[in-house]
Amino acid sequence: MAWFLVVILALIWGTSFILIKKGLVVYSSDELGAWRITIACLTLLPWAIKHIRHAEPRHWKFLLGSGLLGNLIPAFLFAYAETRLASGLAGVLNSLTALFTLLVGAAFFHQPITWMRMLGIIIGIAGTAVLIFSGGENTNFDNTMYGLYIVVATICYGGSVNIIKYKLQGLKPFVMSSLALLTVGPMAFIYLLTTDAFDKLQHTPGAGEALLYIAILAVFSTAVGLVLFNKLIHISTPLFASSSTYLIPIVALMWGVLDGETIHLWHYVGMVIILVGVFIVNRAR
């Protein structure tokens with residue numbers, strides 16, 4: 001079941017980068033981030049209302065932490081990064097989530113770092129580096145500094161994963177996901193009201209289509225993906241759950257092929273190295 005969820009999440013999240021790119025055709029990065037969280041919150045709102053009593057008072061600060069670090073902040077950072085960064089490279093950099101999950105767990109949650117786990121992380125990062133520097137005619141390296149925003153987002157993800165595993169263990173995935181989004185959804189909607197998003201929807205050509213891409217992103221990559229990811233964390237370890245991000249670049253590159261981009265030999269080499277890293281991380285004790 002854990003491996004099945006990893007594959008499904010890789011497919012869902014690997015597609016998210018091209019959806020962000022489509023949404024940015026009309027909407028600004030902050031509008032896209034606000035739309036994404038608002039729609040995701042509305043998607044799971046019935047479950048949030050139904051199960052709100054299941055959360056104890058001690059849970060709410062951790063639900064807010066998970067909502068901020070795992071959803072709200074990364075939604076804005078990824079959108080802003082992709083205004084200047086190739087979507088495929090954004091998907092590759094997302095692989096750093098596994099590394100920061102390990103480091104945050106060790107720094108704040110007293111989780112041990114074994115040599116085998118560190119080896120798996122290093123191999124996975126090496127595969128990521130191969131993908132970054134393997135070249136490609138559609139890769140834009142002039143704006144790679146925008147990758148720092150994705151690095152910050154992956155640090156946030158690492159914190160959220162550990163909060164879910166060690167502070168929200170008593171809540172079911174649907175309950176946890178819906179309530180975490182409930183803590184940040186109103187913030188996103190209030191911010192959305194301060195932008196030109198609704199005006200663009202009425203008057204800008206292509207705004208409806210762009211919003212459809214954002215809605216697909218919100219429903220599947222954020223709402224459904226969050227539920228599946230929380231389930232994965234519950235039945236595995238935070239490190240294994242975050243290692244699913246190693247597979248995301250593969251899916252992102254496949255979307256690139258469908259979009260007319262070319263995959264070179266070194267891209268395949270990078271994919272194999274990443275898969276080896278995932279295997280070692282999973283087998284390490």
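This report describes the nonpolar cores, the cavity, the salt bridges and selected local features of a predicted model.

**Nonpolar cores**

The largest nonpolar core holds 80 residues, and the members that touch the most others are Tyr-27, Trp-35, Leu-63, Phe-229 and Leu-232. Helix α10, spanning residues 207-235, contributes the largest share of this core, with 12 residues. Another core lies apart from it and consists of five residues, including Ile-37, Leu-72, Ala-75 and Val-184.

When residues up to four places away in sequence are left out, Phe-229 touches Leu-9, Trp-13, Val-161, Ala-241, Ser-242 and Ser-244.

**The cavity**

The structure contains one cavity of 30 Å³ or more. The space within the largest cavity is about 360 Å³. Its lining comprises 23 residues, and those nearest the centre are Trp-13, Arg-36, Gly-70, Tyr-157 and Ser-221. Trp-13 is also one of the residues touched by Phe-229.

Five helices, α1 (2-23), α2 (29-51), α3 (60-81), α7 (147-167) and α10, each provide at least two residues of this lining. The largest share, five residues, is supplied by α3. Sorted by class, the lining has 13 nonpolar residues, nine polar residues and one charged residue.

**Salt bridges**

The model has two salt bridges, which are listed below.

| Pair | Closest N to O distance |
|---|---|
| Glu-56 and Arg-58 | 2.8 Å |

Lys-200 belongs to helix α9 (residues 197-203) and Glu-31 to helix α2, so their pairing ties together parts that lie 169 residues apart in sequence. Both Lys-200 and Glu-31 are buried. In the other pair, Glu-56 counts as partly exposed because its relative accessibility is 37%, a value between the limits of 20% for buried and 50% for exposed.

**Local features**

Pro-112 is placed in the loop between α5 (96-108) and α6 (115-133). Pro-112 counts as exposed because its relative accessibility is 52%, and the cut-off for exposed is over 50%. The C-alpha atoms of Pro-112 and Leu-212 are 43 Å apart in space, while the two residues are 100 apart in sequence.

In helix α12 (residues 248-258), the buried residues are Ile-248, Pro-249, Ile-250, Val-251, Ala-252, Leu-253 and Gly-256. Just after α12, Gly-260 adopts a positive phi of about 100 degrees.

Key: Residues are numbered from 1 along each chain as its sequence is written. This is a predicted model: local features need pLDDT of at least 70, side-chain atom pairs count only at pLDDT 80 or more; totals for chains, interfaces and linings use all residues. Side-chain values use heavy atoms; hydrogens and water are left out. A nonpolar core is a set of buried Ala, Val, Leu, Ile, Met, Phe, Trp, Tyr and Cys residues joined through side-chain atoms within 4.5 Å. Buried means under 20% relative accessible area, exposed over 50%, partly exposed in between (1.4 Å probe, protein chains only). Helices (H or I, at least four residues) and strands (E, at least two) are DSSP runs, numbered from the N terminus. Contact means heavy atoms within 4.5 Å. On a 1 Å grid over the protein atoms alone, a cavity is a set of points where a 1.4 Å probe fits but cannot get out, and a pocket is an open set with protein on both sides within 12 Å along at least five of seven lines; lining residues have an atom within 4 Å of a point. Grid points are joined across faces, edges and corners, and a volume is the space filled by probe spheres set on the points. Ala, Val, Leu, Ile, Met, Phe, Trp, Tyr, Cys and Pro count as nonpolar, Asp, Glu, Lys and Arg as charged, and the others, Gly among them, as polar. A salt bridge is a side-chain nitrogen of Lys or Arg within 4 Å of a carboxyl oxygen of Asp or Glu.
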